[in-house]
Amino acid sequence: NVSPVNTTSALAVAGVTAAMNNNQYRCQVAISCNIVPVNSNAGILTVNNPPAVTAQPSNAAVCVGGNNSFCVTATGVNLTYQWQVNTGGCSGAAWTNIVGATSSCYDVTGATAAMNGYAYQCIVSSGACTPAATSNCATLTVNAEAAITSQPVSSSGCTGGTATFSVTATGAGLTYNWQVSTDGGATWNNLTPAVTTATLTLNNVTAAMNGNQYHCQVGGTCTTGLITSSAATLSLSTTVSFTTQPVDAGVCAGIDVSFTAAAIGTGLTYNWQVSTDNGVTWNNVSPVNNTGTLNIIAPTVAMNGNKYRLMATGDCNPSGVSSDVVTLSVNTSVTLTSDPVDVIGCLGSAAVFSVTATGSSISYQWQVSVAGGPWVDLINAAPYSGVNTNTLTVASQGSSLNGNRYRLNASGAPCGGVVTSAS
């Protein structure tokens with residue numbers, strides 16, 4: 001029996017649920033003459049669900065000219081389908097029915113670049129139940145073939161610097177591979193290590209790279225093979241560097257002397273400079289010398305200690321690069337300003353011989369001649385002291401020293417010395 005019990009000739013079923021699908025109903029009829037009820041035929045209740053999408057369409061990406069199918073799966077009775085398109089994407093305002101698109105799948109054929117970003121959805125309706133079901137929105141991405149829109153440009157710079165080449169391309173899934181040619185474009189090789197970005201940066205470029213050419217191979221998802229950019233050339237100027245440095249020089253006054261240096265560099269020029277204050281300030285030599293060799297004619301003592309350098313400038317070093325700083329030493333020969341004088345003394349007293357001399361790097365050596373014999377170098381031993389100075393002291397004269405003759409050999413490097421007269 002139904003609950004609540006129904007004793008009328010009509011049964012109304014309220015709030016039909018899916019669980020009641022295929023329930024069967026019958027009515028038992030009885031009268032006073034037929035106490036045992038008579039059963040009617042059974043009636044079957046079929047409960048239909050409203051349409052529902054159980055498998056949604058998926059976003060898709062194709063290349064220009066490609067095809068794709070958007071599909072839905074739905075449940076319901078007597079289903080019908082209507083696909084719609086929105087050219088403004090899923091957030092666009094206007095959805096439009098696609099004529100003839102009334103199947104569970106909609107096929108996009110020959111996609112054009114203009115269709116990139118189009119959105120699609122399906123309205124699923126039932127002849128038995130409402131409301132209609134709307135699928136999720138699916139987006140069509142139409143990818144273009146790779147295309148280079150900006151070519152790499154030739155670059156110029158200086159050795160030791162940085163050079164950059166770039167390429168700009170459009171398309172889906174872009175890939176890059178830079179190559180170099182060292183023979184004017186006849187052959188090309190991948191860079192090592194490989195450079196797979198849109199920009200190639202070369203650090204610490206060397207003179208050996210001057211004239212190298214670079215191009216980029218561009219690929220993409222929708223491109224068969226690789227597209228090669230135009231070639232760009234690296235033009236380098238050589239940074240100034242010295243290959244030969246000047247060295248210190250020492251000469252005698254009046255003797256010519258030279259300093260020499262050499263450098264390499266693009267647009268190379270030279271200029272010798274002198275400092276008379278130990279390198280605090282520098283001035284161009286006079287007359288100006290723009291060669292690699294500086295000749296100093298008959299240097300004077302006043303030039304002793306002067307410092308010299310060669311400034312080399314080039315296209316890459318407009319402010320100039322200095323060579324090593326060198327010093328000029330101007331020496332003089334030894335000159336006596338006083339000679340030793342004879343000494344007359346008493347037994348047991350000391351005798352002193354003294355000389356005054358000027359010159360460069362003077363060294364002194366007193367000598368003795370006994371009884372007119374040869375001259376012999378003295379050593380610092382009694383009775384002598386100061387044998388290597390300008391003053392010789394003879395202590396505690398004894399009769400054996402009477403008549404000895406003394407002289408000083410004053411030598412100077414490198415300009416020569418002098419020997420005093422005997423006393």
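Okay, let's start with a pair of residues: Ser69 stands opposite Asp107 in β11. The strands involved are β7, residues 68-71, and β11, and they run antiparallel with 4 bridges joining them.

Quick housekeeping. This is a predicted model, where local features need pLDDT of at least 70 and side-chain atom pairs count only at pLDDT 80 or more, while totals for chains, interfaces and linings use all residues. Residues are numbered from 1 along each chain as its sequence is written, and side-chain values use heavy atoms, with hydrogens and water left out.

Next, an open sheet: 4 strands, in the order β39-β38-β42-β43, with antiparallel pairing. β39 (376-377) and β43 (418-419) are at the edges with a single partner strand each, so one side of each has no neighbour in the sheet. For β43 there are 2 bridges to β42, residues 405-412, in the antiparallel sense. Across that pairing, Asn409 stands opposite Val419 in β43.

The largest pocket holds about 530 Å³. Its lining has 16 residues, and Asn1, Asn6, Arg26, Cys27 and Gln28 lie nearest the centre. β1 and β2 (28-31) are the elements giving two or more residues to that lining.

There's also 1 cavity of 30 Å³ or more, and the largest cavity has about 30 Å³ of space. Which element gives the largest share of its lining? That's β16, with 4 residues; β24 (232-237) also supplies at least two. Among the lining residues are Cys158, Val205 and Leu234.

How are those defined? On a 1 Å grid over the protein atoms alone, a cavity is a set of points where a 1.4 Å probe fits but cannot get out; a pocket is an open set with protein on both sides within 12 Å along at least five of seven lines, and lining residues have an atom within 4 Å of a point. Points join across faces, edges and corners, and volume is the space filled by probe spheres set on them.

Last one: Val13 sits in the segment before β1 (23-25), partly exposed at 35% relative accessible area.

Methods
Buried means under 20% relative accessible area, exposed over 50%, partly exposed in between (1.4 Å probe, protein chains only). Two strands pair if DSSP finds at least two bridges between them.
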